[in-house]
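Trainee: I am new to this one. Can we go through it step by step?
Mentor: Gladly. Have a look, then ask.

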Amino acid sequence: MAGISTAATKALEKVIKPLLSTTPNTLGLTSSAYYPGDVDITMDEIAAIARVMEHHDLEPENTRIHKTTDGNKSTAQLTALVDNSTKFIRLLPWAVDGVNDGKGPFEKDKFQAPDFYVVHALAFVCSTVWEASNVPNYNDIRETYGFKNIVYANRMSANADPDRPIHWVHPSEADGYRKINHVLRFITTSIHELYGHGTGKLLAETSPGVYNFDPEHPPINSLTGEPVKTWYRPNQTWTSVFGKLAGTVEECRAMLISYYLGDRKDMLLMYGYDEDSDIKTDDRKCFL
């Protein structure tokens, strides 16, 4: 079949090496095939893996660990994004200078910076494979207890597949799109999860007669120029008020924030892109 089908030939090239490789017969270093990949693993790392597997009652012979350095780099970038959160929140359209430390009345007094990790997922037991997740995805819980952000690196890497069809892009722009698409997706997705889902404050009467804003001098609606007239009542949540539309509105809000901040040069510097990098800031701006 591989001899008569170009697609089958390409697929075979991806799997033929592991199919024909010798069976692992030692738990040593990378030459054993228990730890495949081009990045050498250390004895200390092997020992740490063994301890984790022992804790979960797994035999070490089941090990197939592929070490990579990309996740560490990405996690460091996302950590820097968290550390600079106050700076970028002050740039959002509803920020008001001199109010709430420059963040404005529609933001929490203190931004609860989340844990932010890049992981490689073995499987998704669902019909949708996300590039990232913000958990828990309930705004009232996020405001009170905080949240975590997770980027699924191996799902994200699919965006860099040169054979992935891009029917929606004109052929004249296809090469440029392929060059930067995976970069664009990583940057906008991480902003989407951190600032898109992590910012904003639900103006609410948290319990009878208790408010998380000054009801005598409510914030000014930036769209109408007048004080806000409605807010959440006791026991109301985003989901209970907007029903089936809640998730859609929340995702649209998060996407708009990622595009609003995503082409700023100071934001791109957080990811290592400037006028001297291989992918320049102007390259990315063309595809936002």
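Trainee: Is Cys 126 buried, partly exposed or exposed?
Mentor: Keep in mind that this is a predicted model. Buried needs under 20% relative accessible area, and exposed needs over 50%. Cys 126 has 38% relative accessibility, so the class is partly exposed.

Trainee: And what is the relative accessible area of Cys 252?
Mentor: Use the cut-offs of 20% and 50% again. Cys 252 counts as partly exposed. Its relative accessible area is 41%.

Trainee: How many disulfides does the structure hold?
Mentor: A disulfide needs two cysteine sulfur atoms within 2.5 Å. The count for this structure is 0.

Trainee: Let me step back to the whole chain. How many helices and strands are there?
Mentor: The chain has 288 residues, and 34% of them count as buried. Take contacts between residues at least 6 apart in sequence: 61% of these join residues at least 24 apart. The elements of the chain are 11 helices and 5 strands.

Trainee: Which residues of α2 are buried?
Mentor: Helix α2 covers residues 43-55 and has 13 residues. From first C-alpha to last it reaches 18 Å, close to the 18 Å expected. Its buried residues are Ile 46, Ile 49 and Met 53.

Trainee: Why do those three fall on the same side of α2?
Mentor: An α-helix has 3.6 residues a turn, so residues three or four places apart point the same way. The buried residues of α2 are Ile 46, Ile 49 and Met 53. They share a side because the arc they cover around the axis is only 60°.

Trainee: Which exposed residues sit on the face of α2 turned away from its buried side?
Mentor: Just past the end of α2, Asp 57 takes a positive phi of about 60°. The face turned away from the buried side is within α2 itself. Its exposed residues are Asp 44, Arg 51, Glu 54 and His 55.

Trainee: Which element gives the largest share of the largest nonpolar core?
Mentor: That core has 28 residues. Those with the most contacts inside it include Leu 261, Met 267 and Tyr 271. Elements that each supply at least two residues include α3, β1, α9 and α10. The largest share, 7 residues, comes from α7.

Trainee: How many salt bridges are there?
Mentor: Side chains of opposite charge can pair when their charged atoms come close. Here the rule asks for a nitrogen of Lys or Arg within 4 Å of a carboxyl oxygen of Asp or Glu. The count comes to 9.

Trainee: How many residues apart are Lys 87 and Asp 266?
Mentor: Their side chains meet in a salt bridge, at 3.9 Å from N to O. Lys 87 lies in helix α4 and Asp 266 in helix α10, so the pair links distant parts of the chain. The separation is 179 residues.

Trainee: Is Glu 131 buried or exposed?
Mentor: Glu 131 forms a salt bridge with Arg 185, with the closest N and O atoms 2.7 Å apart. Glu 131 is in the loop between β1 and β2, and Arg 185 is in α7, so the bridge ties together parts 54 residues apart in sequence. Arg 185 counts as partly exposed at 27%. With a relative accessible area of 9%, Glu 131 is buried.

Trainee: Which residues does Tyr 117 contact, leaving aside neighbours within four places in sequence?
Mentor: Tyr 117 is in strand β1. It is partly exposed, at 44% relative accessible area. Tyr 117 and Asn 149 are 32 residues apart in sequence, yet 6.5 Å apart in space, C-alpha to C-alpha. The contacts are Thr 75, Asn 149, Ile 150 and Val 151.

Technical notes
Residues are numbered from 1 along each chain as its sequence is written. This is a predicted model: local features need pLDDT of at least 70, side-chain atom pairs count only at pLDDT 80 or more; totals for chains, interfaces and linings use all residues. Side-chain values use heavy atoms; hydrogens and water are left out. Helices (H or I, at least four residues) and strands (E, at least two) are DSSP runs, numbered from the N terminus. Buried means under 20% relative accessible area, exposed over 50%, partly exposed in between (1.4 Å probe, protein chains only). A nonpolar core is a set of buried Ala, Val, Leu, Ile, Met, Phe, Trp, Tyr and Cys residues joined through side-chain atoms within 4.5 Å. The expected span of a helix is 1.5 Å times one less than its number of residues. The arc is that of the directions from the helix axis to the C-beta atoms. Contact means heavy atoms within 4.5 Å.
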